[in-house]
Amino acid sequence: MNDVPGRRRVRSALVAASALTLTCAAVAGVAASAAGAELTRGPSAVELDRAAAAEVARRWRVWPAGKVFPETVRYSAEQGGTERARRVGISPETDCGRAVDAALRKALTRAGCRGILRATYLDALQGVVLTIGVAAFPGEGPAASAMAGLPRGGRPSPGLRALAFSGTVADRFIQAGRQASTARAGGPYLVMVTAGRVDGRPAKTAGRQRPTMFAFTGDIADRILANLSTPARPDCSAPEWRC
């Protein structure tokens, strides 16, 4: 005797199993397609921005010293027009504590200072010598916090330590010769400048000086900072980028 209801149940089960198989295959196909699209798609705008920010944060360590501190830096002259400050030398040291006065070390350490690069420049007339310090931090907030701890009103101390180079016109630029300072913060960097006269005379013996004598140092700080902190959007076709 034929078991018609039994055969119907078997056929129903087979149909359901086939439908489930097709559904699973379809889902797997969609998943594979999505995975393929994920693997082959280009980077998103957010990912590009993150990569650019990470590249900025590495510059102080991976850029050649001469790129951080160019051989000459343009600035606006006091009498009008533009001049160029000339680099005298670059320090090989990067220790945060050695680059600043003792009174500032704790504040910089608290903000997460990773290193300070220093170089010394002469103005175009070779009457003013200035040391520039680039301090690197974990991010924009810590850099701004460190800047808030610097002295106000252009006072040079406590601040960035002068960097003299023996056998050059800047060899007399010692700590007592610092007469003015300025600072700029942007991104993960704080750029500090301390300046004085080439003859090394202390501020208290310098007599009356023009209020604008050291004003150009802010212009130089701005240019050094802009070079370091301006993001470059990754170019996936360029060999230096891996997207």
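Q: Where does Ser-229 sit in this one?
A: In this predicted model, Ser-229 belongs to helix 7, which covers residues 216–229.

Q: Buried or exposed, that Ser-229?
A: Ser-229 counts as buried because its relative accessible area is 18%, and the cut-off for buried is under 20%.

Q: And what does the side chain of Ser-229 reach?
A: The backbone oxygen of Leu-225, at 2.8 Å.

Q: Which residues does Ser-229 touch, if I skip those up to four places away in sequence?
A: Val-56, Arg-59, Gly-186 and Tyr-189.

Q: Which residues of strand 4 point which way?
A: Val-128, Leu-130, Ile-132, Val-134 and Ala-136 point one way. Val-129, Thr-131, Gly-133 and Ala-135 point the other way, and they are all buried too.

Q: How many bridges join strand 3 to strand 4?
A: Eight, with the two strands running antiparallel. Strand 3 is residues 115–122, and its Leu-122 has Val-129 of strand 4 as bridge partner.

Q: What's between those two strands in the hairpin?
A: Five residues. Gln-126 in that hairpin takes a positive phi near 60°.

Q: How many bridges does strand 4 make with strand 6?
A: Nine bridges, and that pair runs antiparallel as well. Strand 6 spans residues 189–197.

Notes. Residues are numbered from 1 along each chain as its sequence is written. This is a predicted model: local features need pLDDT of at least 70, side-chain atom pairs count only at pLDDT 80 or more; totals for chains, interfaces and linings use all residues. Side-chain values use heavy atoms; hydrogens and water are left out. Buried means under 20% relative accessible area, exposed over 50%, partly exposed in between (1.4 Å probe, protein chains only). Helices (H or I, at least four residues) and strands (E, at least two) are DSSP runs, numbered from the N terminus. Two strands pair if DSSP finds at least two bridges between them. A polar contact is a pair of N or O atoms within 3.5 Å; within protein, one must be able to donate a hydrogen and the other to accept it, and residues adjacent in sequence count only if both atoms are side-chain atoms. Contact means heavy atoms within 4.5 Å.
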